[in-house]
Amino acid sequence: MLIYHLKIAARNLSKQKMYTAIKVGGFALGVAACTLIALFIRHELSFDTHYKNGENLYRVVGINRNEGIVDRGVNFPAPFAPALKAELAEIEMIGRINPNTLFTGGGNPLRRMNETENHYEEGFTFADPQMIDLLEIPMIYGHSASALKQPNSIVISKKICDKYFPGENPVGQTLIFNDNAREPVLISGVMQDFPNNSHLDFDFLISQSGLEFYPGEQTNWNASNYHTYLRLRPGTDVEQFEEKMMATVFDKYLIDVFKKEGMDAAAIEKIRQSIGLELQPISKIHLHSSGIADGFMHGDTRMVWLFGTIAFFILVIACINFINLSTARSAERAREVGVRKALGSQRSDLVRQFLTETVLLSAGAFVLGLFLARIALPFFNQLADKSLTIPWEELWFLPLFAGTALLVGLLAGLYPAFYMGSFQLVHVLKGSGHRGNKSVPLRSSLVVFQFAASTVLIIGAIVVLKQTDFILNTQLGFDKEQVLLLQGTQNLGDKTPVFKQELRRISSVENVSISDYLPISGGGSKRNGNTFWEVGKDKNSDFVTFQMWTVDHNYIQTLGMDLVEGRDFSPEMPSDSQAVIINETLARKLNFEQPVGKRITNDFSTYTVIGVVKDFHFESFRENIGGVCLALGNSPGITAVKVKTSDMPQTIEAVTRAWQKISPNQAIRYTFLDEGYARMYDDVLKQGRIFGSFAVFAILIACLGLFALATYMAEQRTKEIGIRKVLGASVTSISNLLVRDFVKLVFIAIVIASPIAYYFMQKWLSDFAYHIDLQWWMFAAAGLIALAIAFLTVGFQSVKAALANPVKSLRS
């Protein structure tokens, strides 16, 4: 019987080539889109799940509550981890990393001992020796237990080993790190590259054994620069441990620190109530670190849910599309049903027949969809900045794929199968009763659903694109255009001032500033949090934490910042070495109504405020502008060159010549400030591109469903159209008659979609401290797009029906 059903199904599908192609094509597009999104979600959910002891592996997160605002961070003092290990028996292993760019984490110049030219590499961090075992990092050369025990040693990744020591075992060889030839680092091991589904992505682990970045640093509780990871003993109650951890650290260590700083009991108790510690499972770090500034690239669990929802709706739209196409052609199958029933077929036989056709179509669509997904995968990887692959080699993949094709085919075919199997024999053979008028509201509702879902995606794409445009083009408080950033200028040593003068001699160079502190994140730009208070005020209650940036005399001019009070730094004023310029936010936080002339201190240094710079964005738009204090000093890693020319290649050539004149053995590296700023919002740009792409998918599939309903309605009104034409109706009036019904459906879809899109996009925008307002034209534009697409889709079928010969219509 199954073979019989398959033969009949193949015969019927081949008779309706166009509709079969539309059914399979729409289904295949939906399957391709869902496959791509499923691969994306699978990859996001797989982060940090490869650890054997992953269920007991955590990162420590600090909590700070201040005036109703809860901040979370992962930077802790150097003695924090050793104190936990000494006091808490529940900890099986604990270790620290320090990727802070202040201490040469991040990117650095590197070369082999026998070379003279440096290469720039990213991915440096300092690490405790036990971090290799704690993070279960496989070693290719060297031993995990001893690799980082020797001071001034380094473990490199396989990728770096292949680059610098191809085909060699480099253990025992040395590298010149950060151009410090006096203290080369010893290679003590080669580790496997971190997998692409790890929140960590380091190529260099530098030993922290015996290392202090400044005298007393390893016992200093007032500087927080270390990320702490730990493995608990199996069976440990995490909630109880978190409470015990906080109480132990505070009572045995922090109280003594606060007392030495002169705090009274009330101030200490206030701090106790405002801070806390929690453990974050390592498998949760990638998707559940929103609001934690740890310097790593993260995903967002909300985006995973969002894309999963999009995939679900696209597949539902494809199924609806199939249902509408099946019922639209039901008139052509009605006599077949009648004849089969007259010959003794039961309703169950007809249902099985129609379900066989559906499953056959579903199987073909899934195969084609997988093929389309394979073709589109490189483009999707570029869109999402991923390296996804279809898991052909996994044993579960093909059975799961085949089972899904069967399940979706059955679900999509149930309604059409039971609908067509329910035709009454007498009515069908007489040529009536098969039009399914009772099902018109259902089919109309399905089309409304399709276009409502598509309109939500269109509105989402418009909002994301407008927010991105707002971020990239709003007034930032500094000028990011035509600023060339030269990396690694600290390697010039005492020749840096000479290089600066050489650059200023170039006619197209407007200004030059040397500072590692830039209003962008990444790219070697540093951050330095400090706590100060006004001289004469209580340091225990009136302190303010802010960014303390080291700059030169030309910083404000080079970056086009605006002074709103006071003056800029001046080389003619030696006293400016103890002067600072603060931003407007910091002036408010310090309660300075007249900031110029005020003095701030932290017990180690005292500065006089000489100017106030207008607030400028230096972190993500998701955060409010924080306090910034600019002070003169030496921070020579990056040179910012403001140019005033449209001929950028010629200027770069002149800058390169100046570089080679000073440093002939070192290749120049440069980026642009506006590009670095744009990279801060790669995640927003990706979301916009993905939204837009899948909105196109959804609207295309929905159009096929609309085409199906237009076909069905034209069939239903064939005789009506013939009569109208005989009575003198024009093609235009008949086309309008048919189009009008569909425009109503799409309009209803827009009305339903608008509040839904408003709710979700308002929630998305709430993640940004600075964002656009949702405006009526965004919804109107999405509605017009949906209406235009619907009109074009239906218009073709309407005109075709209006041009049909009325004689044939009335005779049939």
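**Labels and the values behind them**

Reply: Start with a pair of residues in helix H5 (residues 158–164): because Asp162 and Lys158 are four residues apart there, about one helical turn separates them. Their side chains meet in a salt bridge, with 2.9 Å from N to O. The model is a predicted one.

Me: What makes the meeting of Asp162 and Lys158 a salt bridge?

Reply: The cut-off is 4 Å between a side-chain nitrogen of Lys or Arg and a carboxyl oxygen of Asp or Glu. The N to O distance for Asp162 and Lys158 is 2.9 Å, so the pair is within the 4 Å limit. The structure holds 27 salt bridges.

Me: Why is Asp162 called partly exposed?

Reply: Partly exposed lies between the buried limit of under 20% and the exposed limit of over 50%. Asp162 has 40% relative accessibility, so Asp162 counts as partly exposed. Lys158, at 34%, also counts as partly exposed.

Me: How do you know that Glu269 and Arg272 are about one helical turn apart?

Reply: They are three residues apart in helix H7 (residues 265–274), and therefore about one helical turn separates them. Glu269 is partly exposed at 35% relative accessibility, and Arg272 is partly exposed at 30%. Together with Asp251, Glu269 and Arg272 are linked in a network of salt bridges.

Me: What separates Glu653 and Arg657 in helix H17?

Reply: About one helical turn, because Glu653 and Arg657 are four residues apart in helix H17 (residues 648–662). The side chains of Glu653 and Arg657 meet in a salt bridge of 3.3 Å, N to O. Glu653 has a relative accessible area of 49%, so Glu653 is partly exposed; the exposed label needs over 50%.

Me: Why is Ser754 called buried?

Reply: The limit for buried is under 20%. Ser754 has a relative accessible area of 17%, so Ser754 is buried. Ser754 lies in helix H21, and its side chain reaches the backbone oxygen of Ile750 at 2.8 Å. Leaving aside neighbours within four places in sequence, Ser754 is in contact with Ile459 and Phe779. Across the protein, buried residues make up 52% of the 812 residues.

Me: Is Trp776 buried or exposed, and why?

Reply: Exposed means over 50%. Trp776 has 70% relative accessibility, so Trp776 counts as exposed. Trp776 is placed in helix H22 (residues 776–802).

Me: How far can the model be read in detail, and where is the pLDDT below 50?

Reply: The protein averages a pLDDT of 85, and 88% of the residues score at least 70. Over residues 433–438 the pLDDT is below 50, although this stretch has 16 contacts in the model beyond near neighbours in sequence. Where pLDDT is low, the predicted coordinates should not be read in detail.

How values were computed
Residues are numbered from 1 along each chain as its sequence is written. This is a predicted model: local features need pLDDT of at least 70, side-chain atom pairs count only at pLDDT 80 or more; totals for chains, interfaces and linings use all residues. Side-chain values use heavy atoms; hydrogens and water are left out. pLDDT is the predictor's confidence in each residue, from 0 to 100. Contact means heavy atoms within 4.5 Å. Helices (H or I, at least four residues) and strands (E, at least two) are DSSP runs, numbered from the N terminus. Buried means under 20% relative accessible area, exposed over 50%, partly exposed in between (1.4 Å probe, protein chains only). A polar contact is a pair of N or O atoms within 3.5 Å; within protein, one must be able to donate a hydrogen and the other to accept it, and residues adjacent in sequence count only if both atoms are side-chain atoms.
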